[in-house]
Amino acid sequence: MPHQCTNCGRGFEDGSQEMLSGCPNCGGNKFQFRPEGADSSPPSEEPPEPPEPPGGNSTVAKTVGKTAATVRDIVGSDEPPAGAEPADTGDASGTVNAGSTDAEDAAQASARGDVVSPDELPDHAPEGDHQFDPPAADSAPSVEPPADDTQDRPDLQELREELNSQFESVKVLAPGQYELNLMELYDREEYIVALQEDGRYSIQVPEPIQE
Amino acid sequence: MGLLTNLKDSISRAAASLFSEEDPKRIGIYGPPNAGKTTLANRIARDWTGDAVGPESHVPHETRRARRKENVEIERDGKKVTIDIVDTPGVTTKVDYTEFLEHDMEKDDAVRRSREATEGVAEAMHWLREDVDGVIYVLDSSTDPFTQVNTMLIGIIESQDLPVLILANKIDLEDSSVQRIRNAYPQHETIPLSALEGDNMDEVYDKIAEYFG
């Protein structure tokens, strides 16, 4: 379940349309990206790694902790995007199976239902590639993908990539080429202040003391 | 925040409370790239304060960081309206450095410009979330207004219940069609203007006072 409601912990499949109108359980509108294999503990339990600022108030500490965890999940994950099949993720209760969601449109169901063959995948994509990192930037930031890369890609592959990227706020296609998800950028409490060539970015977290 | 800025803020707040009941409203100038946002911001700032806000250019994404001009006092019918103008980078879903290569730019510069523009859009979207009290949405009336970005942004603005004024800019161009914008967003009033030529600015100021005063 790649996405999880940060309020009640309910899980959602990648591309689930239910999330778009808020969590059906609690109405929450903040979701955390949780790649398969990542710790599936509920978001109320703080991850141990991010140290809480000493003396800071708990809300801010939580926000910073969550942000750090989210960024770590996004940047550190080695989950290949093509591996996010619904059948692999039906283990958690409360998980919405996107394949059977009535509200899902045919294109999404078809994109998720079919699997591309390995020879359809671009050759240069590293095995540990993640949707957040640009294929070329992960291993060699200065190398750009061939110009006709996107044109030659089969429709299904394109659809899948679009689905995978729809919850990312900024997708780095190559150095100097970006796709922006405006709703994600608008919805985030923290905001991006600096992009880096390797696909990572620096964010500004909410200030602890508001005037 | 520095002592001087604090002091300046206190003084302007005290002054504002003498003459008006509220602090200046912060008005974000939003819209797609090359709609004429900076030209409009400069026109307003020059008309009422004598200063400019930032450089204008025909190359898209000239404005890559939000720029603010504070305490712009607009006088309408003997009444003063004070606003802070925030000129924002053009909002778009794709930024590609190759677009800038056509404008005689070196690749390194184009890539940097592209990165800065993306950061700027992220910043502008964040500001829209909590830092503006109203929006002036600028559209180039010579292009099709019915785009994903425009629809999404206007939708966000509506969902925030922010007052929004839609401006159909560049009416000096031959291909301009104000009606096309009115048809696309019939729920809002559309004001035609040419920020470059200064055409119809009186009506724009009337509406700014009406919407944000």
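What share of the 213 residues of chain B counts as buried? The figure is 48%. The views below come from a predicted model.

**View 1. Chain B and its order of elements.** Chain B has 7 helices and 7 strands. Along the sequence they follow the pattern α-β-α-β-β-β-α-α-β-α-β-α-β-α.

**View 2. Helix 2 of chain B against helix 7 of chain B.** Helix 2 of chain B spans residues 37–48, and helix 7 of chain B spans residues 201–212. Their axes come within 12 Å. They cross at roughly 85°. Angles of 65 to 115 degrees count as roughly perpendicular, so helix 2 and helix 7 of chain B are roughly perpendicular to each other. Helix 2 of chain B contributes Leu40(B), Arg43(B), Ile44(B), Asp47(B) and Trp48(B) to the contact. Helix 7 of chain B brings Met201(B), Tyr205(B) and Ile208(B). By class, this contact has 6 nonpolar, no polar and 2 charged residues.

**View 3. The interface of chain B and chain A.** Here 27 residues of chain B are in contact with 24 residues of chain A. The area buried between the two chains is about 2,300 Å². Carbon and sulfur atoms give 59% of that area.

View 4. Gln177(A) lies in strand 5 of chain A, which covers residues 177–180. Is Gln177(A) buried or exposed? Its relative accessible area is 18%. Buried means under 20%, so Gln177(A) is buried. Beyond four places in sequence, Gln177(A) touches residues of both chains. From chain A these are Lys171(A) and Val172(A). From chain B they are Val95(B), Asp96(B), Tyr97(B), Thr98(B) and Ser114(B).

**View 5. Confidence along chain A.** The mean pLDDT of chain A is 60, and 28% of its residues reach 70 or more. Among the elements of chain A, strand 5 has the highest mean pLDDT, 89. Helix 3 of chain A, residues 135–139, has the lowest, 42. Over residues 76–101 of chain A, pLDDT stays under 50. The model has 51 contacts beyond four places in sequence for residues 76–101 of chain A. Residues 125–150 of chain A also have pLDDT below 50. That stretch has 58 contacts in the model beyond near neighbours in sequence.

Terms used. Residues numbered from 1 in each chain as written. Chains lettered and ligands numbered in written order. Predicted model: local features only at pLDDT ≥ 70, side-chain atom pairs only at ≥ 80, totals over all residues. Heavy atoms only, no water. Axes fitted to C-alpha atoms, helices over the stretch in contact; angles between N-to-C directions. Helix = DSSP H or I, 4+ residues; strand = E, 2+ residues; numbered from the N terminus. Parallel < 35°, antiparallel > 145°, perpendicular 65-115°, else oblique. Contact = heavy atoms within 4.5 Å. Nonpolar A, V, L, I, M, F, W, Y, C, P; charged D, E, K, R; others polar. Buried < 20%, exposed > 50% of the residue type's maximum accessible area, 1.4 Å probe, protein only. pLDDT = per-residue confidence, 0-100. Buried area = accessible area lost by both parts, 1.4 Å probe.
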